[in-house]
Amino acid sequence: MYPTEVSTHTLNDILDLELLASYINQLYRYIKMPITLLDSEGNIIIASPWSEVCTAFMRKGCRTGVICQSVCTNMSTQKVRLFKCPNGFYMYQFPIVMGDTVIAQLVLSQFLFESPEREAFRKVAEGQQFDMDAFYSALDKIRMTTHVEIKSIIALMGDLVKMLHDMIGRRITAKELEDELMQGYEELEASYQDVSELNDQLNKINLELSDKNRIVEQSERRYRVLIEHMRQGIFIFETDYGDASEAEDYRVIDMNPAMMQILKEMRETYDNLQTVQTETLPLMRFIKRYLSAVDKESKYFLDEAHKKYYEVEYERLTKCEMMVCVTDKTEIFEKFENQRKQMWELVSSMGKLVEKRDLYTADHQKKVAALAARIAVNMGLSRWQVESVYLASLVHDIGKVSIPSEILVKPDKLTSIEYELMKTHVMTAYDILSSVYFSTPIAEIVKQHHERLDGSGYPAGLKGEALMIEARIVAVADVYEAINSHRPYRPSLGKAYALEHLNTHKGSLYDCDAVDVCTRIASLTPWTLDDVEKYFQERAFSLDESEL
């Protein structure tokens, strides 16, 4: 038992100041660092000699003196800490704590771990109008130490703090304890007199608590009704471990009617066997894996049997209880699928427009589309990116509707003027496609499919990473099919020549990965548009969160 407050007078009464001063001075002579004992208000009780730079300069300066005093009076922390005072010197603070009260601070001060920054100290000295030569001479005498050496010194200081703590503990007299006890009896007697008043206050508090409980019950009832009438399914899970790492650790303790209906529909798919346990349903297994995962952002679940999408979201209620919200996103997905179908029909119509004018260009676009889609699939692009590549390839030459037919079917090599005119088909295609809303960047891919990695392409001379990966793939497929196909002005140069050209210029003109994949699949049976459409049909109801 210790007093909750010890004044300077009490400390002076408790401590053997002469013995303590002798011990502190002996320790000072050993470590060569000033040691100071401060009371809880920052007043100095005992101090060893201080460095000249502090006594003759810092504490006498108008500004630096205020800083020194402020440092001493603002040591209220209960933790041992190393800090740098605003005047530039390191200090170590050792609090002496009795019970929960800091009654004194033992301070090790005025030392450095490295040579002083003379420029910083020069500014201080000039600002305080110190004698520069005398100030520098005093500064050079500051004790320099290392982090290794300071550990030994801290151990010694720790021993001194323990000695002070024990000294104070032993010297708290029985009289002081008796005074405290008597004071406690007096306070208890006064408290008895206030029992009636306290009872009145307690009754008032009970009434307030009753009112608050009634409000809480109403809120609980209101939110229960709200959750029970929500169209979204709600699960409440619990676990014994907070964030459990195993799916089996999560148990269902409650759910709303909407969630019950979702589970009922799922159970009915098991040949109407109502005995199927909820825990075995795919949705439940998915949610438990989701809860046990580190990343708990919104996830999507596909109910294969009913062709429905569900978004699964998570919210922690308490340390061991979680709420999971299951939202039917099927309508949004179906709307998106309808938009995709409309986009496909529009692209198909545009392709037929080219076909009516130039059979060669139409056939070329189809071959490029099949090859580009296959390259994109083998490169591991998402379904959304593969679709972008495929649709852009189907109309990548639509701009040629503005090119005169005699140029398109000319049997000889184009003149420079004709070639420049032919190059305008890219921007014509971009103008046509950008005027129509597509959910994929078809117009930009078509615009970039004649760009090259080294900037030698057209129309913008884009380089490197400025080219979309989808456009790079279309470029490789376009060049391969152009070389490998019969043109009005020359016969096919063959597959081998096309691959040689691509590999010779990969990394400079063409994307390396796209060329490597094209080379690898060139020996396989080529994909047709039917193969591409089969690929998308197989994934017509697969889950790609980036699309939703």
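Angles between axes are classed as roughly parallel under 35 degrees, roughly antiparallel over 145, roughly perpendicular from 65 to 115, and oblique for the rest. The structure is a predicted model, in which local features need pLDDT of at least 70 and side-chain atom pairs count only at pLDDT 80 or more, while totals for chains, interfaces and linings use all residues. Residues are numbered from 1 along each chain as its sequence is written, and side-chain values use heavy atoms, with hydrogens and water left out.

The secondary structure of the chain amounts to 22 helices and eleven strands; helices (H or I, at least four residues) and strands (E, at least two) are DSSP runs numbered from the N terminus. Of its 548 residues, 41% are buried, where buried means under 20% relative accessible area, exposed over 50% and partly exposed in between, with a 1.4 Å probe and protein chains only. The accessible surface comes to about 30,300 Å², and carbon and sulfur atoms hold 52% of this area; such areas come from the Shrake-Rupley method with a 1.4 Å probe, and for residues only the protein chains shown count as cover. Among contacts in the chain with a separation of 6 or more, 60% join residues 24 or more positions apart, a contact being heavy atoms within 4.5 Å.

Helix α19 (residues 469-484) packs against helix α21 (residues 512-521) at an angle of about 45°, with the axes 9 Å apart. Axes are lines fitted to C-alpha atoms, for helices over the stretch in contact, and angles run from 0 to 180 degrees between N-to-C directions. The two helices α19 and α21 are therefore oblique to each other. Their crossing is right-handed; a crossing is right-handed if the near helix is turned clockwise from the far one by less than a right angle, and left-handed if anticlockwise. On the α19 side, I473, V476 and Y480 meet A514, V515 and C518 of α21.

Helix α20 (residues 495-504) also approaches α21, the axes coming within 10 Å and crossing at roughly 155°. That angle makes α20 roughly antiparallel to α21. Here the crossing is left-handed. The residues L499, L502 and N503 of α20 meet V515, D516, C518 and T519 of α21.

Attention now turns to the strands. Five of them form an open antiparallel sheet in the order β8-β7-β11-β10-β9; two strands pair if DSSP finds at least two bridges between them. At the edges stand β8 (251-255) and β9 (299-303), each pairing on one side only. Neighbouring strands of the sheet are turned against each other by 30° on average, direction ignored. Strand β9 is joined to β10 (residues 308-316) by five bridges, and the two run antiparallel. Within this pair, L302 has Y309 of β10 as its bridge partner. Strands of a sheet pair through backbone hydrogen bonds, either parallel or antiparallel.

A hairpin is formed by strands β1 and β2, with four residues between the strands. Three bridges join β1 (residues 35-39) to β2 (residues 44-47), and the strands run antiparallel. T36 stands opposite A47 in β2, and G42 of the hairpin takes a positive phi near 90°.

Most residues other than glycine have a negative phi, and most peptide bonds are trans. Q110 is not a glycine, yet its phi is positive at about 60°. This residue, Q110, is placed in strand β5 (residues 101-112) and is buried, with a relative accessible area of 6%. Q129, also not a glycine, has a positive phi of about 60°. Q129 lies in the loop between α5 (118-127) and α6 (132-139) and counts as exposed at 74% relative accessibility. The peptide bond from Y458 to P459 is cis, with omega near 15°; P459 is in the loop between α18 (442-448) and α19.

Helix α11 (residues 282-292) is mostly covered, with eight of its eleven residues buried; among them are L283, F286, K288 and L291. In helix α7 (residues 147-171) one finds R170, which counts as exposed at 62% relative accessibility. R170 and I14 are 156 residues apart in sequence, while their C-alpha atoms are 9.0 Å apart in space.
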